[in-house]
Amino acid sequence: MNGGKVKLGSGKNRGYIGYHTTWDGKKVFLRSKAEFIYARVLDLEKVPYLLECVTYTINGKRYKPDFFIFDSKYDKIIKIVEVKGLDDKKTALKYLEKYSGYFSKIGIEYEVEWKYVGLITKYQ
């Protein structure tokens, strides 16, 4: 783990949790093994990103997405990625249904990642 420690968490959280330094020196906090896997992919591909940096109010409820993908200067959010647990298709589809329309209207691509076997195989 570059620049930080990710440790196995207690039974109260989702497994892995801790600080991570991105490929370009930004410090982010990862809350799960799924987030760790996705962060490593972005690091390997040298994609500018931050985690949980904006909270939106959508239909009267607050929502803080996981990954924010930026342009090369961190001036503009290009895409938002919500990361769900391995093979959690049901929850992923709920998030897509609930939030994709909102982000489409404001010009930000939105996706939910829930399949990791392909990513792990690709980057091993």
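Which residues in H2 are buried? I looked this up in a predicted model, where local features need pLDDT of at least 70, side-chain atom pairs count only at pLDDT 80 or more, and totals for chains, interfaces and linings use all residues. Residues are numbered from 1 along each chain as its sequence is written, and side-chain values use heavy atoms, with hydrogens and water left out.

**Helix H2.** I find Ala 92, Tyr 99 and Phe 103 buried in H2 (under 20% relative accessible area, 1.4 Å probe, protein chains only). I checked its length: 17 residues at 1.5 Å a residue should span 24 Å, and the end C-alpha atoms are 24 Å apart, so the two agree (the expected span is 1.5 Å times one less than the number of residues). I also noted a bend of about 40° at Tyr 99, taken between axes fitted to the seven residues ending there and the seven starting there. Just after H2, I found Gly 107 with a positive phi of about 80°.

**What H2 packs on.** I see the buried residues of H2 against strands S5 (56-58), S6 (61-63), S8 and S9 (contact is heavy atoms within 4.5 Å).

**The sheet.** I traced an open sheet of four strands in the order S4-S7-S8-S9, with mixed pairing (at least two DSSP bridges per pair). Strands S4 (49-51) and S9 (109-113) are the edges, each pairing on one side only. I counted five bridges between S8 (residues 77-83) and S9, which run parallel; Glu 82 has Val 112 in S9 as its bridge partner.

Note on methods: Helix = DSSP H or I, 4+ residues; strand = E, 2+ residues; numbered from the N terminus. Buried < 20%, exposed > 50% of the residue type's maximum accessible area, 1.4 Å probe, protein only.
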